[in-house]
Each structure stands twice: as C-alpha cells, then as structure tokens.
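Please work through each task before reading its solution.

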Amino acid sequence: MQAGNVSGDIHFHPGPPLPNAGPTPRQLPADVRTFVNRTDELRSLDAILTGQSGERLVVSVHVVAGTAGAGKTSLVLHWAHQVKDRFPDGQFFVNLRGYDPGEPVPAEHALRRFLRALGVGDDQVPQDVDDAAALYRSLLADRRVLIVLDNAATVSQVRPLLPGIGKSLVVVTSRNRLAGLAIRDGARRMTLGTLPEDEAIALLRVLTSGYRPEDDEAKLTELARLCARLPLALRIAAERAASHPHMRIDDLIADLQDESALWDALSTGIDEEAEAVRSVFAWSYRALPPHSARLFRLMGVHPGPEFSLHAAAALADLPLGRARQLLDDLVGAHLLEQTAPDHFQFHDLLRAYATEQAQREEPAEERRSALRRVLEWYLTTALTAQRWIRPSAVLPLPEPNDPEPPLLLADYDAAVDWAERERAALLRTVPAAVPEGFDTLAWQSAEALWNARPPSAPVADWLDVGRAGLAAAERAGEQAAVVRLLHYLGMAFRQCRRLDEGLRCHERALEISRAAEMRYEEGRSHNLIGLIHLEFRRLGQAAGEFDRAAGIFRECDDPRRAAVALSNTASTHLDAGHLAEAGAAVREALAAHRALNNAESVGNALSILAELLREQGESTAAREAIDEALDIALSRRNHTLEGFWLLTLGDIQRAAGQYGDASASYQRSARIHRRLGDRSREALAWRGTGLTYAATDRADEAAAFHQQAAVVHAGLGDDWQRALELGHLAAAVHHRDPEAARTQRAEALSLIATYNDPRAVDVRRHIEERVALP
C-alpha cells in the first residue's frame, strides 16, 4: 500500500508514524510528564489489547473535560505510538472536533478521506454514508490497522468509521461516555479521569517552584480541588500563582471561589468538571489587562482554532508589534498555545470560552467588523500569493482597508510556504463569510483560494468552497465571477475524474459567456471543454474545441492562452497517432511558451515532446526533454505535474532497458497520485510497473498490477484505458492461462470497437492478431 497522508485533521499512514503526540515523557515538562506517566490507564489499555481475541476491538475512552489539555500531549496518542508496530497495515487518525465551537467533522467527510487514502477515487466514493461505510469495511477486512477517532461527540459520528470483522483496533476518545458503542458495538470502555490528589499537588508545586515561597499543602489541596484536579485548569491556576509571587495563596483561593460561586449559580450541575474548567478560565480571563482580554475574546471570532500573528493583528485592528505583545501575554497565561514562530492555536475548550465571551462582551457589529477584517486580510494575502503561484489569474488585488497589510511574499517559495501553512484556515474563510452576508468576500475568496492553492494540494478539498463561492457570486449578480468559478469547478471536477460534472460546468460557462459577449471567457470554455473530450477520448471533438479556443485567443491578442490551446492540440494528435502533426504543433507551442517564459507550460510541452520522441525511437532526446520538464515541476513544487511526468520518464527508462530506474519512477508516481487522489494516473503507474515486470520475465507479478489497474479503469468508466490494460493483462497471463487471455482480448476488442483513429486501429489490429494465434 502506498503512502496516503491526507491534509487537514485526517491522516492515514501505511507504516509506523501517527500524528505527533509530542516529545517522549522524559523530555516533557513536569506537568505533562505527570500526566503521561499515569501508568494505571496505560496498563488498562495494554491489558485490553493483550486480551484481544483476534477480531475487531473497539475501545471507548471517556476523557473528562480538561484532562487532555496539557500542551498537545495525549495519553492515548502516546500509547498508540507505543503499540503501532502491532498494526503493520497502517494507522488512521482523525480529529472529529466534536467539541469545537465550529461544526464537528461529519462521519461522511471522514469516510471520504479514509477511502481516498485507501485508494478509492473521489468519483467512486458512494454518496450514501451507509454504502461508503460498507466499502470502507470491505477494504479493511483483511488488514490489521490501528484507528484513532479522537474527540468524538456522538455515537453516530463514530459508528460509520468502525471496521467490520477483522483484526483492527479502534480507539475512540470523547468527553461523552458514548454508551451506545458499548451496547451495540461491543466497545470496551474506560475513563481517563482527573489526576489523583497527590499528583495534582505535585504538579502545582513543580509549576510554581522558584517563583513563590512554598505554599502550605492543605492550601494547595484546596486549590487543586477548585480546579477539579484537571491538568488544563491546574496549569492555568499555577501560572496565575507563579505570576503573583507576593499574593497569599488564601487570596488566590478566594478569587477562584468567587468565580466558582458564579458558575455554580449559572450551571445545571450536570458536568462538574466542565464547570470547574470554566471557573478557572473566567478567573484567568478576568485577571488579564483589558487589551489582552479584548484580543482573547476577539480570537473567538476567528473562523478556525489556529491562526497567525498577522491574522490576529488584522482581526483586532492592531499594529503588528502590539498584537505580538498581547499574544505573548495570552501564551504566558496558558490561554493560547504557540505552535510555531508567530503561529498560535486554542485548546477547543478555550476557543469555546473565547467565543462565548465575544458574544457576551462585544457588540454584534464589532464582532462582524472583526470577522470582516480578518477575512479581508486572508483574501488580500491570498491574492498576493496568487501573483507568484498563478500569475495569469485575473482577480485584481483590492486596496487594504485595515492597518495590517497583506504579507509581503518575496518569491514563489515564500508564497507556496504561506499557502501550505495557512491552508486549513483559508478553507474556513468562505464558510465564515456566507452566513454574515459577505457575498463579495465569499466569491472573491473562493477564486483566490483556487488560484493561490499550493500546487501539491488535492483539489477535492476546494470543491465545497468553490460551490459556496459560486452561489455567492450568483447572489451578487457578478456574471464574470460566475463564469470564472464555473471554470474552476469544472477543472476541479476533471482532476477528480468527475468528468460529466466538469463538462456541465464548462458548458454553462460557455452559455453565459456567449450571452454576455465575454469573448475571452468563451475561448477558455472551448479550451476546457476540449480537455474533457480529450479525457473521454472524443478526439475529433477535442481537436475542434481547441481550434476554436486558439482562434478566439488570437483574436483577443492573448498569445499565452493560444499557445496553451496549441499544446492541447498536440496532445490530441499524439493520442490519435498523428505523429507528424503532433510534432509540428508541440514544437510551435514549445517555442511560444519559451518566448513567453511560461515555466509550467514549457514543462507540459516538453512532456508531450518527450513522449513523441520516445515513440519515434529517439531515446536520448526524449530523456533530455523529460528531465527538463521534471526539473520545472520540482522547482515549482508541483507534485501534480511531477507525478504525471514521472510516467513518461518511466516509459523512456523502460524502453532503454533501465528497468530498476523505471520501476522507481513508476512507484514514486503511484505514491504521488495516491496522495492526490488521482486514481486514473495511479493506475497508469501500475501499468508501467506491470510492463516493467513483464520485460524482466516476472509475468505473474506483472499480471497482478495489470489486473489492479484494469479494475480501477473499469470503475472510472474509462473504456479506452481499460481495453489497453486488458491487452497487457492478456499478454502477462497467456503463458499459464491462454483461455483467460483470449477472453480478456475479446473484451478489450469490444471496448474499443467504436474508436476509429489511427492509434485505435493499430491497437485493435494488434489484439486481433493475438486472438488469431493458435
């Protein structure tokens, strides 16, 4: 199984690594070390795992609110790291964000990500959650994996993510007891409770040591009781005590008792631990200077739990230096955690508290203004990044309206670094803008996020953002934006192999463009429709669309787009087997792209030329062309292009008899496409691997790869690629099962019977000759 790390809060790894649980206990601060070394819980988990009968095991860990709040360290994750070697087929991890102030991760969303990590294309994931869960269970049936479902809110959020029968282990953590898992799913339940009294007191002593005289143990016991012996609350209380070394502990306790009395009066008494945490939060919050308190509660307006210094400055309408000072105050009070230079995050309980305080203490208009400021900052910085990442994009950079200008991104790498680092926050901006009626911000942000997305980011993550942006543009009556967003959605659907949906987007964009006489956008629509026809192998229709697009672009005096359309024409000729026409078109396009200094377009033309030269037997020139193309992909950090062009490199290496190198190229291509969720190109990498094995007389291994690729192409509805794969499969199995080979060739012939281009005719003739052999 290839690597499948998925962006965001959902991860899959085929081998040992799980999401980082922090340093080992010996390296941890004393408060965290105390928490992690709670050997009773560790022994309980070990005992449950040791007693596993060989079938699926579900462990439900009830985490009392605030017990996991010491830094980012999680007892369960530490334990999972210790036992990962017992699950050789990989580990899943998902933060379900069940108690985040925002929306929890729905089961169907996590399922879609898990299935994609397991090799299922986006267009092959069932829409019905029960059907998706059934597919997920079937894929895990013969695997032994460790699945950590962290921070769940309800049983319904968890149940679709449980595997069926098998040898996998599921660990579910939640602040809810999730009794239904024990009743219906046979879960073993354990509670991760509060610290024992002696450990709670020891934690307070360690954190205050050196800052104040040693306090009376009875008083520390009372302070620990008021904190409900919860590590998060204890750490905040200890920080308050350490920062006031001359205040008597009796006064500290009295302050906290006052806050506790307030919360007791307002609470229902259902969750005493949670109310204790809120008391400590309030106690610490009210001790903040006014400006720090304002920043804390305004950060509850931010659309996500993680944010940068610059975003905080924009949100609170502060100069950068002042924002840094206030954030340092909040980190020092343990109300925020610093995760990297100038980057911060909330514990979800603290984020909920900050949001609540903002709603109580900030006027609605100020909350709305703060949200608008930070969304505008993300937009303007994304547009700055877009200038480097996709400089041909048309959305202009608006004038900043706040004192915190967009980041000055010095070069391409700086822009990509920012887009990768901020991707999780950026994807939350459009959903945050829509409910407030910020339609212009919503559609502009959706466009900017498409054009400023990191080159290695899966496009499927943008689809919901794109749909929301399109609806906002329609509400705002922005026809040009509607057309552009339809183009982007169509491209995203094409990359996800949802070709019919992509075609509908482009056809609608074409209709609007014609009616509004947007000639340039009409040309783009023709070019993009041509690419969909090329994917369907409707080569005549594709060529016609590219010709129309090139004519319009020349009419609009856009040589760059005209050269792009010409490159696509070259691809169409090459696919059809018109090698002379392909050579003339690609060389003309390559010269135009070089003159215009369009790096990625140069690489695309070089890859087409390399494939052409390989077919013509000019291996040295082909290798030079593809090496130059791959250098461009690597310099642009574009994994999509790298993975695709590695297929051509592998073909060239295989033709030259460099079988080890070819195998390495195909394997890297498969890994990249697995991560990007491109099942079609991953299957093409398997084809190359199969042909490499066949060339080294390893027919059975070759057959396995061709069989796997044929199944994928069948699932994608790609008759042409499936027919080619069946032909290769027949060649691999012929020596041991001639009848099976004959059946596979007959099926291949039926699949390509309607294709009449020169290459299809040659393929059909070759297969027919094989069928006719004795």
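**Exercise 1: the contact of H22 with H23**

Leu463, Gly466, Arg467, Gly469, Leu470, Ala473 and Glu474 of H22 meet Ala481, Val482, Leu485, Leu486, Leu489, Ala492 and Phe493 of H23, where contact means heavy atoms within 4.5 Å. The model is predicted: local features need pLDDT of at least 70, side-chain atom pairs count only at pLDDT 80 or more, and totals for chains, interfaces and linings use all residues. Residues are numbered from 1 along each chain as its sequence is written, and side-chain values use heavy atoms, with hydrogens and water left out.

Task: State how the residues of the contact of H22 with H23 divide by class.

Solution. The contact has 10 nonpolar, two polar and two charged residues. Here Ala, Val, Leu, Ile, Met, Phe, Trp, Tyr, Cys and Pro count as nonpolar, Asp, Glu, Lys and Arg as charged, and the others, Gly among them, as polar.

**Exercise 2: the orientation of H22 and H23**

Task: Determine why H22 and H23 are classed as roughly antiparallel.

Solution. Step 1: H22 spans residues 463-476 and H23 residues 479-495; helices are DSSP runs of H or I with at least four residues, numbered from the N terminus. Step 2: their packing angle is about 160 degrees, and their axes lie 9 Å apart. Axes are lines fitted to C-alpha atoms over the stretch in contact, and angles run from 0 to 180 degrees between N-to-C directions. Step 3: H22 and H23 are therefore roughly antiparallel, a label for angles over 145 degrees.

**Exercise 3: H32 and H33**

Task: Describe the packing of H32 (residues 659-676) and H33 (residues 679-695).

Solution. Step 1: the angle is about 160 degrees and the axes are 8 Å apart. Step 2: H32 and H33 are therefore roughly antiparallel to each other. Step 3: the residues of their contact comprise seven nonpolar, six polar and three charged.

Technical notes: Helix = DSSP H or I, 4+ residues; strand = E, 2+ residues; numbered from the N terminus. Parallel < 35°, antiparallel > 145°, perpendicular 65-115°, else oblique.
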